[in-house]
Amino acid sequence: MSSTELPFVPPANVLPKVGTVRVAEGERLRSVELPGVTLTIRSRPPAREGLPPALFVHGLGGSSQNWSALMALLDDSVDGEALDLPGFGDSPPPDDGDYSVTGHARAVIRCLDASGRGPVHLFGNSLGGAIATRVAAVRPDLVRTLTLVSPALPEIRVQRTAVPTGLLAVPGVALLFTRITREWTAEQRVRGVMALCYGDPGRVTPEGFRNAVQEMERRLRLPYFWDAMARSARGIVNAYTLGGQQGLWRQAERVLAPTLLVYGGRDQLVGFRMAQKAARAFRDSRMVTLPDAGHVAMMEYPETVAMAFRELLEDSGDLGARRAGRAGRPDAGGAALDGAGTDESMGG
């Protein structure tokens, strides 16, 4: 084995069982088998029948649990589901080992195509924001509105606090990090993650901290944990370098859906200065800036994010669905958008 590569990861069907994933009261988990990937879906029954569907996509190192608080607040507005991206949460690695932004977007598209729930109100945080942007650009027929919380869109000058996360993309760094931190406890790791992701880690309740520690302990027993982290980080870095029609900023300009942008003033991973660039890039956008929030505003200030989304929902009505219906065929960039399996044309 090369010293720059991570240990061999066994196929998903022979991976060991490492314990159950936490399910909050009122939530349900199910597993969905799709071509090349198996996804775990977290759902919360809507308060009433007939509410529009929503799908929530987490960021690097996260899981569908990152959306539990917001999903609970929005169960009177949408029929919400949150997925675990391949290799994260309770979803096994993808069969082809593709953790690129395109690979993750392809998994989201396959999930939506298979469920028939589209068009949905699509949410994304961090890496999930980049994924959601790509999905909305190449498959507008699947997206009613787009809500992005600190989306990982390309930055020329990356914050110094984000550099260690980016370094995971370098071959060998993840393996080196696992050796250096072998003696770290789950509590130490969780405190480090919260210090990086929260504007004020003191907002985390004792119960929330205990749950996070239990989840960290579970993940560290997964043989593919660091592989998924490193390859997904590499996918973000690679997406930052893409130009032309596959460039994320170019794709942001092609998004037709009404878009809500949420940025935190204390975000250490996505520069707050990118908020105005995003507002200019997304043609039909509105902005919410939270000066005290960090990288996961939907976890720190779920009530504020829920209120902003309800305003988007009220103002847009079914506008997103009508636009998607008109634009559900080849877009200005020439990407094929309709029919079974068209997510394969995403390239990248």
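Start with the aromatic rings: the structure holds 5 aromatic pairs. Rings of Phe, Tyr and Trp (its six-membered ring) pair if their centres lie within 6.5 Å; planes under 30 degrees apart count as stacked, over 60 as edge-to-face and the rest as tilted. This is a predicted model, where local features need pLDDT of at least 70, side-chain atom pairs count only at pLDDT 80 or more, and totals for chains, interfaces and linings use all residues. Residues are numbered from 1 along each chain as its sequence is written, and side-chain values use heavy atoms, with hydrogens and water left out.

**Stop 1: Phe56 and Trp67**

Select Phe56 and Trp67. Their ring centres are 5.3 Å apart and their planes stand at 50 degrees, so this pair is tilted. Phe56 sits in strand β3 (residues 53-57). Trp67 is in the loop between β3 and α1 (68-73), so the pair ties together parts 11 residues apart in sequence. Helices (H or I, at least four residues) and strands (E, at least two) are DSSP runs, numbered from the N terminus.

Are Phe56 and Trp67 buried or exposed? Both are buried. Buried means under 20% relative accessible area, exposed over 50%, partly exposed in between (1.4 Å probe, protein chains only). For Trp67 the relative accessibility is 0%.

**Stop 2: Phe123**

Phe123 belongs to strand β5 (residues 120-125), and the pair links distant parts of the chain, 56 residues apart. Phe123 is buried too, at a relative accessible area of 0%.

Phe56, Trp67, Phe123 and Phe309 make up one aromatic cluster.

**Stop 3: helices α2 and α3**

Select residues 101-115 for α2 and 127-138 for α3. Their axes (lines fitted to C-alpha atoms, for helices over the stretch in contact) come within 9 Å and cross at roughly 65 degrees. Angles run from 0 to 180 degrees between N-to-C directions.

Which residues of α2 meet α3? They are Val101, Thr102, His104, Ala105, Val108 and Ile109. Facing them in α3 are Leu127, Ala130, Ile131, Arg134, Val135 and Val138. Contact means heavy atoms within 4.5 Å.

**Stop 4: the whole chain**

Zoom out. The chain has 13 helices and 8 strands. Of its 348 residues, 54% are buried. Among contacts between residues at least 6 apart in sequence, 76% join residues at least 24 apart.
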